[in-house]
Amino acid sequence: MALIVATILLPLVPLVIQSFTRGYVFPQLVPAEWSTRAWSIVLATDGGTWKALGWSVAVAATVTALALLVAVPAGRVLGLRTFRGRRVLEFLVLTPLLVPAVAVGIGLDITFIRLGLSGTFWGVVLVHLIPAAPYAVLILAGVFANYNEDLEVQARTLGAGPLNVLRHVTMPAIMPGLIVAGFFAFIVSWSQYVLTLQIGGGKVLTLPVLLVSTASGGDVAITGALTIVYALPVLALLVVTSHHVVRAGLGVTGT
Amino acid sequence: MKSFGTVRATLRTDGAVHPGRLLGRLTELHRLALLIVALAAVAVGCSGGQSATDATSNPDDWEAVLNAARGQTIDLYMWGGSSEINRFVDRTYGPILEQEFGITLNRVPVADTVDAVNKVLAELQAGRNEGGSVDLIWINGENFYTLRQANALVGDWALQIPNARFVDWDSVAVNRDFGLAVDGSESPLGSAQFQFVYDSARIDEDSLPRSYIELGEWIAAHPGRFTYPAPPAFHGTRFVKQAFYELTGGVDPWLGSFDETAFVEGSAGLWDYLTEINPDLWRSGRTFPPDIASLNRLFANGEVDFTFTQLPGGIQAEIDAGVLPATARPFVFDTGTIGDFHYLAIPTNAGDSEAAMVLANLVLTPTLQAAKLDPTNGWGDGLAISLDLVQGEDRIALQRVMDNLAGAAVSFDRLEAVRLPEVNQEYTLRLEHDWDVFIRQSRLAG
């Protein structure tokens with residue numbers, strides 16, 4: 001466990017150091033000059049970081065919710081039913097991940113402009129669903145493959161209505177998978193640069209878009225600070241969800 | 001659409017085998033499809049219609065422009081790589097626009113101006129001829145050329161805005177952008193001039209190379225200590241073009257329209273020169289830094305001895321930011337350096353073109369030009385206006401900033417004395433193309 005945490009956090013250490021320096025260059029081993037300049041610029045209320053953070057959270061959260069909404073029924077069919085053509089369908093679900101995002105984005109941009117979706121929140125959400133939804137569907141298909149439908153039948157026999165079945169049987173059983181799928185959808189949306197730039201066009205200015213334009217200037221202190229702002233929410237989410245996954249894992253799953 | 005057909009085909013085959021079970025499965029898939037369609041519909045609905053705009057007001061009637069601009073939000077697309085420049089724009093222009101003109105400034109940072117150009121072209125291609133998302137672009141050279149060729153820029157306005165009286169529109173340097181007539185379709189924001197940067201703690205000023213010939217000798221004597229960004233990166237193209245001027249005996253033969261025969265003949269010496277220095281470049285010339293930010297980093301880390309700057313006001317802002325060492329100093333070759341202007345342009349489909357004009361006019365205010373020139377305010381950008389056209393106190397204030405630039409700047413007289421013009425865009429494109437063939441590719445082959 002400690003090893004995993006170290007693997008995740010160690011790469012961030014140089015960034016943290018870098019973000020508190022000014023003119024930290026080779027061959028200095030220890031920075032010659034410490035400074036909070038980068039942080040005061042990055043965290044300044046008029047600097048755009050907070051707005052970008054807001055956009056990123058709103059987009060990623062919406063994408064996660066919509067991806068799960070699509071993925072639960074789709075994953076259930078793919079995981080529980082055997083039918084001719086299932087493999088083809090699975091492949092089709094995967095296709096958005098096989099085509100480069102740039103190619104998709106250029107074509108979609110024109111369509112989205114015509115639909116009035118370009119440069120809007122919902123346009124960006126929709127385009128993020130293209131790479132995000134397949135991950136969620138695949139993960140939930142895996143979860144449902146190990147799911148025993150008989151439990152639902154039993155609950156129905158004992159008098160539970162559809163809603164109670166969903167609440168007390170289905171949801172607890174698939175919860176760990178739901179969290180993992182949601183986490184993946186969130187991360188995929190959180191890290192989209194090309195599609196956000198193409199469809200968002202600078203109006204929907206998420207953290208990756210801000211980060212790349214900042215990095216083009218070569219100020220490592222500011223880039224470092226912004227990268228930490230970008231990485232922290234995902235790390236926090238990882239901590240929170242891993243806890244849930246472990247706890248839920250002790251519950252109903254594992255048929 | 002092809003995938004949809006495949007799904008249907010799959011279902012049909014399926015159904016033929018198990019007609020009884022098809023219904024249930026279809027319903028599940030159906031629900032999924034319906035859900036997606038519904039979501040798309042919601043999204044389209046939520047996005048709302050773009051606010052339709054009236055035709056652009058005529059800048060002749062400035063009062064009308066100001067009235068129309070009130071309440072508008074300018075989407076200013078500009079390169080966002082310098083936090084200092086970003087802050088200068090947000091904190092200098094933002095409050096004035098808001099308080100005096102009732103305009104909101106929305107600065108959109110892009111990693112490369114070409115992103116904004118592509119945005120405009122894509123919107124026009126899709127038939128969005130008004131209410132477009134880009135109101136104003138910080139632009140020059142190739143990007144201006146692209147949009148102008150596509151008839152994507154509002155014309156004439158730049159000559160008619162009130163502060164155009166401070167701009168020397170008679171100067172070829174201003175009224176032609178990379179050889180292409182501006183015709184009032186962009187208004188200057190500032191000026192730049194190509195300079196070399198060295199570290200005074202490492203190299204004695206007297207031993208600096210002062211021409212490309214001397215630079216060649218310097219590189220041979222110090223292998224691995226020099227490189228330049230690979231064209232078409234802006235500074236790389238500048239470096240190559242300036243060498244082209246010097247090695248062909250000056251800029252004069254190239255001021256007209258593109259001449260293929262003369263170019264091929266003249267540029268042969270340039271490719272010989274660049275091929276000759278190449279093995280002694282950083283990493284033996286096998287690779288080049290992709291942009292000026294990377295070259296600055298190599299310079300700051302002591303891997304190479306020179307980098308470049310475009311700022312006539314000097315590099316103090318970059319020193320303060322820690323991007324360049326405190327002992328870095330700019331210098332220029334005796335054989336001349338290229339100076340040019342950069343501009344603000346309004347796309348034909350801009351949704352808030354009046355507000356865009358107000359900002360383009362505002363940046364030409366002499367006191368604000370002085371503030372932009374002063375690197376302690378974060379920028380150090382050259383003047384867009386001509387000192388001769390400014391009178392009274394404003395002129396004194398401008399002169400004071402020009403005289404008091406910190407030590408990390410080349411004097412204005414010196415810059416003026418060695419300034420060379422830009423040439424036709426075709427020469428630039430051709431230099432970039434041939435550099436790729438003669439230098440980059442031949443290095444790969446050899």
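Author: The model is predicted.

Reader: How many helices and strands are there in chain A?

Author: Chain A has 12 helices and zero strands. Its C-alpha trace spans about 70 × 50 × 30 Å along the principal axes.

Reader: How is a pair of packed helices described?

Author: By the angle between the two axes and the distance between them. Take helix α7 (residues 121–145) and helix α9 (residues 162–190), both of chain A: their axes come within 8 Å and cross at roughly 160 degrees. An angle over 145 degrees counts as roughly antiparallel, so α7(A) and α9(A) are roughly antiparallel to each other.

Reader: Is the crossing of α7(A) and α9(A) left-handed or right-handed, and which residues make the contact?

Author: The crossing is right-handed. On α7(A) the contact residues include H128(A), Y135(A), I139(A) and F144(A); on α9(A), I174(A), G177(A), F184(A) and S189(A) are among them. The contact of α7(A) with α9(A) comprises 15 nonpolar residues, three polar and no charged.

Reader: What describes a pair of aromatic rings?

Author: The distance of the centres and the angle of the planes. With ring centres within 6.5 Å as the cut-off, the count over all chains is 39 aromatic pairs.

Reader: Which charged residues lie over the faces of F299(B) and W379(B)?

Author: R202(B) lies over the face of F299(B), 5.1 Å from the ring centre. Over the face of W379(B) lies K372(B), at 5.4 Å from the ring centre.

How values were computed. Residues numbered from 1 in each chain as written. Chains lettered and ligands numbered in written order. Predicted model: local features only at pLDDT ≥ 70, side-chain atom pairs only at ≥ 80, totals over all residues. Heavy atoms only, no water. Phe/Tyr/Trp six-rings, centres within 6.5 Å; stacked < 30°, edge-to-face > 60°. Lys NZ or Arg CZ within 6 Å of the ring centre and 35° of its normal. Axes fitted to C-alpha atoms, helices over the stretch in contact; angles between N-to-C directions. Helix = DSSP H or I, 4+ residues; strand = E, 2+ residues; numbered from the N terminus. Parallel < 35°, antiparallel > 145°, perpendicular 65-115°, else oblique. Left-handed = near helix turned anticlockwise from the far one by under 90°. Contact = heavy atoms within 4.5 Å. Nonpolar A, V, L, I, M, F, W, Y, C, P; charged D, E, K, R; others polar.
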